[in-house]
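Below is a short report on one predicted model.

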Amino acid sequence: MHSQAMFFRARADERVDNPVLQRALAKAKPLFVGKRAKGIEGLADDGMEFEALRQAAAAIRNRVVDDLDVWLEIFEERARATGAEVLWARDGKEICQLVIDVARRHGVTKAVKSKSMLSEEASLNEALAGAGIRPVETDLGEYIVQLAGEAPSHIIAPAVHKTLAEVEALFACHHGRSPLPRTAADIPALAGEARQVLRQHFLSAEMGISGANFLIAETGSAALVTNEGNGRMVTSLPKVHVVITGIEKIVPTLEDFATLMRLLPRSATGQTISNYVSLLTGTRRPGEAEGAEKTVYILVDNGRAGLLGSPWQDMLRCIRCGACMNHCPVYFSVGGHAYGWVYPGPMGSVLTPLYTGLENALDLPHASTGCNQCGAVCPVGIPLSRLLHDLREAQVARGLRPRRERLGMWAWGRLARWPGLYRWCARRAARYLAWLGGAEGRIRVFGLAPGWTAGRDLPAPSGRTFHELHSSRQTKIG
Ligand code: SF4
């Protein structure tokens with residue numbers, strides 16, 4: 001997917017002014033937050049504690065990331081022993097080439113797909129279509145965005161930005177039927193309609209393409225965690241199954257997988273367990289009624305190996321649950337498309353600059369209020385706020401911030417070296433802001449930073465600086 005992250009500000013402005021998107025986001029946020037809160041509360045009923053589980057999950061992921069080469073070799077050896085083929089891709093271009101080669105070897109003309117963010121990284125659908133192979137997304141949300149010609153806007157709810165009316169209109173147009181009256185459209189009916197259409201594709205596709213939530217090293221298996229039955233259709237009906245996944249998705253054992261599964265569905269959707277948890281090992285064995293005759297794993301780097309040993313290595317622990325974006329005030333103000341690449345929200349604000357280049361995503365490390373809700377809910381304890389802060393520092397070190405900002409910081413630095421002058425300026429500024437706030441104590445328009453008051457009033461300071469308040473308290477105590 002070609003990154004548009006450079007245009008985050010402009011894209012965010014457009015989306016803040018889009019009432020349809022804002023309605024869809026306002027509806028989704030409380031659902032995500034409420035369900036996760038209930039799911040995490042439920043851990044106590046099962047005798048588990050979130051913080052202890054989180055530390056265990058982080059330790060599992062760290063163990064893998066610290067010795068990634070070793071675990072990858074173990075996985076490769078075990079997967080080959082089950083009859084699967086294991087291929088390696090350095091980047092998106094290689095992913096596309098490998099999938100097209102496999103498709104050509106097996107005479108594939110249509111590929112059904114289950115959700116795979118890596119295929120989004122690689123723009124695989126475009127490459128397949130260019131090679132004469134029809135890709136059909138089968139996760140309901142992915143199917144909707146494919147019909148709309150859009151990219152997913154959320155990693156677990158790809159069409160969260162769409163309203164019911166928009167989906168109804170889209171289906172009417174693409175399924176060749178008349179639009180339904182507004183009151184007649186409902187979610188179960190639309191899901192049923194999509195199911196009818198997709199069933200034909202499942203039965204006629206020669207290849208299934210999926211991602212994997214985890215790769216289990218000890219058994220050479222892929223674990224797929226879904227809420228729709230499409231994952232099982234994609235991986236078991238077509239004769240060829242291709243799994244495309246990042247090299248960091250390994251977990252050592254089935255027991256480790258079980259630990260992570262205590263947190264993944266709860267963090268993502270609040271469920272104790274997802275509707276479908278599939279462990280796929282090797283190919284169809286003699287006597288088995290279903291399963292792919294050919295299984296191919298494509299293990300992808302695309303920037304991941306570069307994070308090993310770097311200050312951002314913690315990010316490789318990510319299990320793609322989406323909790324960070326579900327709790328992010330910036331994500332729910334601008335929606336996922338504003339971020340301009342595959343991964344939105346706080347995890348995207350870290351990953352996009354790292355995978356596509358810091359200079360190509362200048363605003364993303366700043367797309368944060370610093371509230372650290374993302375870090376607080378992350379089930380593998382990724383310090384997202386700290387990583388965003390480190391990216392900002394890296395931008396400054398590389399001279400990637402705008403001239404005006406650098407000049408401002410330079411002036412601030414000079415001023416801070418003269419405590420007397422600094423205090424005098426701070427006093428003047430505090431008095432001025434208090435005067436600006438008037439009797440109400442609220443600043444309605446702040447000329448120096450108009451963005452701060454564009455959508456809300458800025459509470460005015462009391463008129464006294466921190467130093468003044470601190471000294472007066474000391475005097476009283478004394
Ligand atoms: S960074 Fe943490 S919260 Fe966000 S998707 Fe990854 S694991 Fe989930």
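## Helix α8 and its surroundings

The buried residues of α8 pack against β3 (134-137), α9 (164-174) and α10 (187-204). Contact here means C-beta atoms, placed from the backbone, within 7 Å. Helices (H or I, at least four residues) and strands (E, at least two) are DSSP runs numbered from the N terminus. The model is predicted: local features need pLDDT of at least 70, side-chain atom pairs count only at pLDDT 80 or more, and totals for chains, interfaces and linings use all residues. Residues are numbered from 1 along each chain as its sequence is written.

Seven of the nine residues of α8 (residues 140-148) are buried, so this helix is largely enclosed by the rest of the structure. A buried residue has 20 or more other C-beta atoms within 10 Å of its own. Among those of α8 are Tyr143, Ile144 and Val145. Glycine 149 follows α8 and has a positive phi, near 70°.

Around the ligand lie 13 residues, with C-beta atoms within 6 Å of it. The closest are Cys318, Cys321, Cys324, Met347 and Cys378.

The contact of α15 with α17 involves Met347 and Val350 of α15, among others, and Leu384, Leu387, Leu388 and Leu391 of α17.

Note on methods. Contact = placed C-beta atoms within 7 Å. Buried ≥ 20, exposed ≤ 12 C-beta atoms within 10 Å, placed from the backbone.
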